[in-house]
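This briefing accompanies a single protein structure. It is arranged by topic for quick reference.

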Amino acid sequence: MSRPTGRVLTLLELLQSGGTRTVAELADRLGVEGRTVRRYVDQLIDLDVPVESVRGRYGGYRLAPGYRLPPLMLGDDEALAVLLGLVAGRRAGLTTELTASETAAAKIRRVLPRHLAHRLDALLEALAFTDRPGEFDTPDAGVLLTVADAVRHRRPVSIRYTDRDGRRSERTLHAYGIVAHAGRWYVTGRDASAGADRTFRLDRIADARTLPGSFEAPEGPGPAERVLSGFATAGYRHEVTLRIHGTPEQIRARLPATVATLEEHEPAADRDPAAERWLRVELRAERLDWLPPVLAALDRPFVVERPGELRDLVAALADRLASCARQT
């Protein structure tokens, strides 16, 4: 490859990275004069690459918006970042379609230089994960993009939703934000028909349409915090109230925000927020048998306020542990 041709390709890569590049910046990166940059730009235009000239003090050159540039030009670090992102997203369930991430990775792999492709293959073969990929219900790409646009422009959106019991409904939602959590996508916002904040799984939305009008997002917790608190206060069979002596960090290590809510049992005006104290812990659960081992693992003093069934389960676990400790 001749040196001028190599510089033209470098210019193309610089423009592909986005934004407007000044002539001075491009000349410095290419090691040429400004008039040579203009000549290289003319060569790209002759090859039907839509390079736009931007006038003004901060003007220069840029690629036309929406232009898809074949072939894809990625540096070593960029290719590694994209492929690892696709692999991690597929394992975490954070894709709209599993086959889409696989075909995208294959396309990138196919256009890479041989030496780089072999190095990336070696990395992916050597890479191990500490968890196994699960079966994820991924959202429809059109639904995801429609809801995201409604969030950005604060527009109401009509959704057709199927809940966990199979009941179908059509709702008008003022969507505050989209949250990815534990391998699933959620949207949180104001359900106009219910007159309350709700969180919906995006993979259970069959259709989404933007409606006329606008709304103001409320102040207070962000979308992620709203989703987590919604999980902790969801309706389940058992309502549990505990008092635990410790710091919030110690308690959250075993009972995260998705499971339980914390509040001061005995508030004090000048208390150190990192100090150990009695905290009231509330949670809801379909079953109680998992809680005694969790409370034992906390290794903190605690009191079960309700339900009485949980006290019996804790006592039974204590008897089993004591019995095992006495064995020789």
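The coordinates come from a predicted model. Salt bridges number 16 in total, and one group of them joins Arg243, Glu263, Arg280 and Glu305 into a single network.

**Helix 3**

- Helix 3 covers residues 34-46, and its 13 residues should span 18 Å at 1.5 Å a residue; the end C-alpha atoms lie 19 Å apart, which agrees.
- The buried residues of helix 3 are Thr36, Val37, Tyr40, Val41 and Leu44.
- Viewed down the axis of helix 3, these buried residues fall within an arc of 145 degrees, so they line one face of the helix.
- An α-helix has 3.6 residues a turn, so residues three or four places apart point the same way.
- Arg35 and Asp46, on the other side of helix 3, are exposed.

**Nonpolar surface patch**

- Leu84, Leu123, Leu124 and Leu127 make a nonpolar surface patch of about 270 Å².
- Of these residues, Leu123 belongs to helix 6 (residues 114-126).
- Leu123 counts as partly exposed because its relative accessibility is 33%, a value that falls between the limits of 20% for buried and 50% for exposed.

**Strand 5**

- Thr188 is located in strand 5, which comprises residues 184-191.
- With a relative accessible area of 2%, Thr188 is buried.
- The Thr188 side chain reaches the backbone oxygen of Arg198 at 3.5 Å.

**Salt bridges**

- Arg201 and Asp203 form a salt bridge in which the closest N and O atoms are 2.9 Å apart; Arg201 has 13% relative accessibility and therefore counts as buried.
- Asp207 and Arg209 meet through their side chains in a salt bridge of 3.8 Å, N to O.
- Arg243 is partly exposed at 22% relative accessible area, and Glu305 is partly exposed at 25%.
- Through shared partners, salt bridges bring Arg243 and Glu305 into one network with Glu263 and Arg280.

Technical notes
Residues numbered from 1 in each chain as written. Predicted model: local features only at pLDDT ≥ 70, side-chain atom pairs only at ≥ 80, totals over all residues. Heavy atoms only, no water. Patch = residues over 30% accessible without salt bridge, like charges linked within 9 Å, V, L, I, M, F, W, Y side chains within 5 Å. Areas by Shrake-Rupley, 256 points an atom, 1.4 Å probe, with all protein chains shown as cover. Salt bridge = Lys/Arg side-chain N within 4 Å of Asp/Glu carboxyl O. Helix = DSSP H or I, 4+ residues; strand = E, 2+ residues; numbered from the N terminus. Buried < 20%, exposed > 50% of the residue type's maximum accessible area, 1.4 Å probe, protein only. Expected span 1.5 Å × (residues − 1). Arc of directions from axis to C-beta. Polar contact = N/O pair within 3.5 Å; in protein donor to acceptor, adjacent residues only side chain to side chain.
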